[in-house]
Amino acid sequence: MRDVIIIGSGPAGYTAGIYTARAGLKPLLIASSVEAGGELMKTTEVENFPGFPEGLMGPELMGHFQAQAERFGTEILMDDVVEVDLKGDVKIVKTGAGETFEAKTVILATGAAYRELGLPREKDLSGRGVSWCATCDGFFFREKTIAVVGGGDSAMEEALFLTRFASKVYLIHRRDTFKASKIMQERALAHEKIEVIWNTEIAELKGATNLEAVTLKNTVDGSTKDLALDGLFIAVGNDPRVWLVENQVTLTPEKFIQVEGRSSKTNLPGVFAAGDVIDPTYRQAITAAGSGCVAALDAEHYLANH
């Protein structure tokens, strides 16, 4: 019987591992067989994580997280969790390799995946002109021509933020109206650097090693044209990874795991959640790490009182 099992290995999961291990709880962290390290493994340079003034690559940062968790005794298993039963006092976790683990507490740090457009070469050009995070990558597009895809508040926020760096920001939306809040629409439409391209979707990404242009397709008449771009920011939503637990823990209307206030407590005693799987708003490595700390402390307090 384990004191704590952590499912997920991004900044939230590894930070939870560091804190629970230092508390003597001997955590088992199940990291995934193919996606260990989370979304930062797909990121090139990270310049905004405190403590690294020169910046570093995403995979390198996650390597530091893992090494620190292991240093304090976190047991890391490179496997996938395929089934959980979290409703009883004893939490049951099953992996793809056929192992079954039992624990008194579970921390869910399964993260969220940025929703992709589903285009060929989208993954190849990730970090090479294609991005899902303006606050992460906007700095690299000073005086460049870029575009944002989407029509919600997130797309408006990304476009407005990127005007601090880019010389021109196209806002591409496949309909003739935005679904964003009125105030966010007004701000975006009024900005001199932002030009909206209505009734349009992206049909193709072009560029040998870095993004150079996109092919635009008009959703009304089907016509196409190319648009030269240095960068493309995709803001069409993100999908929290909740399929393991969606029938056991309470979710928000946006399908993120619901927690109590600023805590990590779910509706199930002994089950805690942290990182992007509870956060539709900030989605930063530093906020995920802080959330992992909260979950570890909540788990430690729960065990002390039970």
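**Exercise 1. Determine how β1 is joined to strand β2, and which residue of β2 is the bridge partner of Ile-7.**

Solution. In this predicted model, strand β2 comprises residues 28–30 and is joined to β1 by 3 bridges. The two strands run parallel. Within β2, Ile-30 is the bridge partner of Ile-7.

**Exercise 2. Describe the pairing of strand β8 with β1, with β7 and with β19.**

Solution. Step 1: take β1. Strand β8 covers residues 100–108 and pairs with β1 in the parallel sense, over 5 bridges. Two pairs of residues illustrate this pairing: Val-4 stands opposite Thr-105 of β8, and Ile-7 has Leu-108 of β8 as its bridge partner.

Step 1: take β7. This strand, residues 91–95, is joined to β8 by 4 bridges, and the two run antiparallel. Lys-91 has Ala-103 as its bridge partner in β8. Together β7 and β8 form a hairpin with 4 residues between them. In the turn, Gly-98 has a positive phi of about 95°.

Step 2: take β19. Here the pairing with β8 is parallel and runs over 3 bridges. Val-106 stands opposite Val-271 in β19.

**Exercise 3. Describe how α4 and helix α5 pack, and which residues make the contact.**

Solution. Step 1: recall the description used. Two packed helices are described by the angle between their axes and the distance between the axes.

Step 1: apply it. α4 and α5 (residues 182–190) pack at an angle of about 35°, and their axes are 9 Å apart. Their crossing is left-handed.

Step 2: list the residues. From α4 come Asp-153, Met-156, Glu-157 and Leu-160, while α5 provides Met-184, Gln-185, Arg-187 and Ala-188. Sorted by class, the contact has 4 nonpolar, 1 polar and 3 charged residues.

**Exercise 4. Identify the strands at the edges of the open sheet of 3 strands.**

Solution. Step 1: the order is β14-β15-β16, and the pairing is antiparallel.

Step 1: β14 (200–206) and β16 (224–228) are the edge strands, since each pairs on one side only. The twist averages 30° from one strand to the next.

Step 2: as one of the pairs, strand β15 (residues 213–218) and β16 are joined in the antiparallel sense over 5 bridges. The bridge partner of Val-214 in β16 is Leu-227.

**Exercise 5. Which residues have the most contacts inside the largest nonpolar core, and which element gives the most to this core?**

Solution. Step 1: the core has 30 residues, and Tyr-14, Leu-61, Phe-65 and Ile-107 have the most contacts inside it.

Step 1: β1 (2–7), α1 (11–22), α2 (58–71) and α6 (285–305) are the elements that give two or more residues. Of these, α6 gives the most, with 8 residues.

Step 2: a second, separate core has 23 residues, including Ile-5, Phe-101, Val-245 and Val-277.

**Exercise 6. Is Ile-18 buried or exposed?**

Solution. Step 1: locate the residue. Ile-18 is found in helix α1.

Step 1: apply the cut-off. A residue counts as buried under 20% relative accessible area. Ile-18 has 9%, so this residue is buried.

Step 2: name its surroundings. Leaving out residues up to four places away in sequence, Ile-18 touches Phe-65, Gln-68, Ala-69, Phe-72 and Thr-74. Ile-18 and Cys-293 are 275 residues apart in sequence, while their C-alpha atoms are 8.4 Å apart in space.

Terms used. Residues numbered from 1 in each chain as written. Predicted model: local features only at pLDDT ≥ 70, side-chain atom pairs only at ≥ 80, totals over all residues. Heavy atoms only, no water. Pairing = 2+ DSSP bridges. Axes fitted to C-alpha atoms, helices over the stretch in contact; angles between N-to-C directions. Core = buried A, V, L, I, M, F, W, Y, C linked by side-chain atoms within 4.5 Å. Buried < 20%, exposed > 50% of the residue type's maximum accessible area, 1.4 Å probe, protein only. Left-handed = near helix turned anticlockwise from the far one by under 90°. Contact = heavy atoms within 4.5 Å. Nonpolar A, V, L, I, M, F, W, Y, C, P; charged D, E, K, R; others polar.
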